[in-house]
Structures are given as structure tokens and as C-alpha cells.
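Where does a folded chain pack its nonpolar side chains, and where does it leave open space? Look at the sequence and the structure with that in mind.

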Amino acid sequence: MMFKKNKFLPYGRHKLTKRDIFSVIKVLQSKNLTQGNCVPLFEKLLSNKVNATYAVAVNSATSALHITCLALDLKKNDWLWTSANTFVASANCGRYCDALVDFVDINPKTGLMCTVALEKKLKLAKKNGTLPKILVAVHFSGASCDMEKIFNLSKKYNFHIIEDASHALGGSYKNQKVGSCHYSIATVFSFHPVKIITTGEGGAVTTNNKELAKKISLLRSHGITKDKFQFESQIHDEWTYEQQALGFNYRMSDIHASLGISQLNKLEKIILDRNRKYDNYKMILQDLPVSLLEIPKNVRSSIHLAIIKLENKDPDFHRKIFSGLRKMNIGAQIHYSPVHLHPYYKNLGFCVGDFPEAEFHAKNSITIPLYVGLTTREQFRVAKSLKSLL
């Protein structure tokens, strides 16, 4: 007898509607696949959505982090700090600028940067002359860091704050929308297919600083401007353009932006759906020896990830549960392997034990499926599979 195998449930995925597809087809049938009207429109809609003055769209959040650091003049012998619990891009952006990189440990209940650990580290860095020029505050899993506390520390210790909100579009902190840059110089978003909305691949920077927006815009397109009012040379013709900086081809195409425009129109609906699914997991997992990450007070999370922490602290038990879910066709994932323990960063001098809370988080947490389109029945399947393994 043949048994039907349960379909694979990934930890995250995109959902496209007929309207999304039509938006892309419309651009494909137009005269401008890139450098047309869609990117500026997407930027305007995004900045309005998050209450920021400017938005600059690029081809990935990694690119956005890189050129934002460059625009803030991060360079050799400067320090960039970020969370020990993040994707590598939050740290790599500093290395792209030849800067020195360090990490801050997390609050184990939330997975977010611990402000107590940050303040302690800043006090020591001031004595040692190693204060950061930039702090990348990572809004892990969709929940904002304690930005008011971090902002107050930035004033005391004189560093720029970049919010890495790759997980957090649609979220808020103390009634301020993530991306409004109320407590930072810039915010970076990701539009990768597993994120809150998608452009296929893509990212953006929001800011309220006109000069910063101008620099980022220049750097995303080879450092070139065609605006004669911005030219350094007094002699120019209609076809003249100037390369004023060493930039990159980090532009977003109109194809990608058209998808972003369509997806952005349903952002609130997406956030509500994700929060409902998270609340449902709270209910159906409450009798199991696991707990979901806490969402801080005064934070509305966009719920990018559903992360459970196991009550059994044995790493071998964690591995068995993880492998067991995978064998049951449930796409369990780990967010994240601590950045400082990847070979590249270990070769820079980091080692096991440097950031114990982030290390323990990686050994004790599992990301389970949550995305628009995941059914209640599939959530119960995840819970049932967990129960059988636990």
C-alpha cells in the first residue's frame, strides 16, 4: 500500500497573487525594465508607509547596509558593532569598508541586542579607545530593539545607529513605525522572498537625512549623477554625466519594484495574518515543553519568524528534535548560527564563549514554519510532530 507523504513546509516563503503577477507583466510589456518610473514610485510609497522623509531602493539589504556604511564614512580602523545573533550581512557591511567589527550579546528571552550588555561594553570601549562609529541594531524576528535606550547611549558615546530591519517592515516601537528613523540615522529593509514583502531580491534604506539619502543614491549607481545642477564641472552638454564617487551597480530594476509596489499595498493585511498565526502557535503549543520568543512591551512585531526555545537544555536533544522535524518534512531552521563562530570571523580572533547568550540561543532554539498561506491545519501538523518528538 502506498502512503501519501506530507508536503514539505518551509520555515518561510512568499505568496504572490494574480495582481502581483499582473504588475510584473505590465512592466515586462513596457519600454522600461529598469531606470523607469517604478523604482521612484516604490520609494515614495515605502517612505510614506514608514513615515520617513526619504527611501532609496537597491538590489538587496546587503547592498543597502554596505553603501549606508560608506555614506557614513566608515573606513579602516573604525569600529562597527552589531548583534551576535544575526545574519552575517549585518557584520560583513563593516568588513566591506575595511572596518573592525565586534558584537554585542543578546537578551535570551527576546533574541534582541541586550542594552545592559551594550552599555557595559561601551563603558569599557571608551576606556580602551575602541568605541564604535556605527552600531547596527538588528530587529530580530520582526521585533524592534529597545531603540530609545540605544539612541540615548548613542548620544552619550557618539555613534551612528543603523537599524537592520530586514525582518521588521510593518512593525513599530513605542508607536513609531520601524523605518521612521525616529531613533536612528537610517533603517535598512530586505525584500527577499522569505521576508514580510518581496521584490524577488531587493532592499532599501530609509532616512530623514537629505545628505545621507543623496550619498546613498549616488553610491548605488556607480557614483554617477546626470543632474547638471550637481555637476562639479562648469562645462557640460546634454549627454554629459559625472562620476563623483567610486560607486556600485546596486540599482533595483523596475521589474522588482513593480512587484514591491503591489506587495506593499497589502502590508497591513500581511502583518495581521502573521500575528494571528503567531497567536495560534501560542495556543496550540502551550502544553508542550517549549516557549516562543517574547515580544517586548511597546513593540508591535511583524512576526518574520516563529522561534521556539526548548526547555531541555541538552544540545544533543536539540539536534534530535531538529533532525526529527526535517525527517517529517517540516522545514525547521536555526536563526542564527552566531556570526562570530563562522570560520571567517574565528580567523579574526573570535572564539567560543565570547557571546554566551547568542551561542546558547543557537543551541536551544528552532524556527518552525510561519508564512502567509500556512493553514491552521498545517500549524496543528507542526505541533503534532513536535509533540511526538518531545
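This is a predicted model: local features need pLDDT of at least 70, side-chain atom pairs count only at pLDDT 80 or more; totals for chains, interfaces and linings use all residues.

Residues are numbered from 1 along each chain as its sequence is written, and side-chain values use heavy atoms, with hydrogens and water left out.

**Cores**

A nonpolar core is a set of buried Ala, Val, Leu, Ile, Met, Phe, Trp, Tyr and Cys residues joined through side-chain atoms within 4.5 Å. Buried means under 20% relative accessible area, exposed over 50%, and partly exposed in between (1.4 Å probe, protein chains only).

The largest nonpolar core holds 53 residues. Leu118, Ile150, Tyr281, Leu285, Ile308 and Ile366 touch the most other members. Take Leu118. Leaving out residues up to four places away in sequence, Leu118 touches Trp81, Val104, Met113, Leu135, Ile150 and Leu153. Contact here means heavy atoms within 4.5 Å. A second, separate core has 26 residues, including Ala71, Leu80, Ala99 and Val138.

**Pockets**

Rolling a probe the size of a water molecule over the atoms shows where empty space is left. On a 1 Å grid over the protein atoms alone, a pocket is an open set of points where a 1.4 Å probe fits, with protein on both sides within 12 Å along at least five of seven lines; lining residues have an atom within 4 Å of a point. A volume is the space filled by probe spheres set on the points, which are joined across faces, edges and corners.

| Pocket | Volume | Lining residues by class |
|---|---|---|
| Largest | about 730 Å³ | 7 nonpolar, 8 polar, 8 charged |

Ala, Val, Leu, Ile, Met, Phe, Trp, Tyr, Cys and Pro count as nonpolar, Asp, Glu, Lys and Arg as charged, and the others, Gly among them, as polar.

Which element gives the most to the lining of the largest pocket? Helix 7 does, with 5 residues. Helices (H or I, at least four residues) and strands (E, at least two) are DSSP runs, numbered from the N terminus. In the second largest pocket, helix 3 gives the largest share of the lining, 3 residues.

**A loop residue**

Asp78 lies in the loop between helix 3 and strand 2 (79-83). Is Asp78 buried or exposed? Asp78 is buried, because its relative accessible area is 15%. Not counting residues up to four places away in sequence, Asp78 touches Asp73, Ala99, Leu100 and Lys133.
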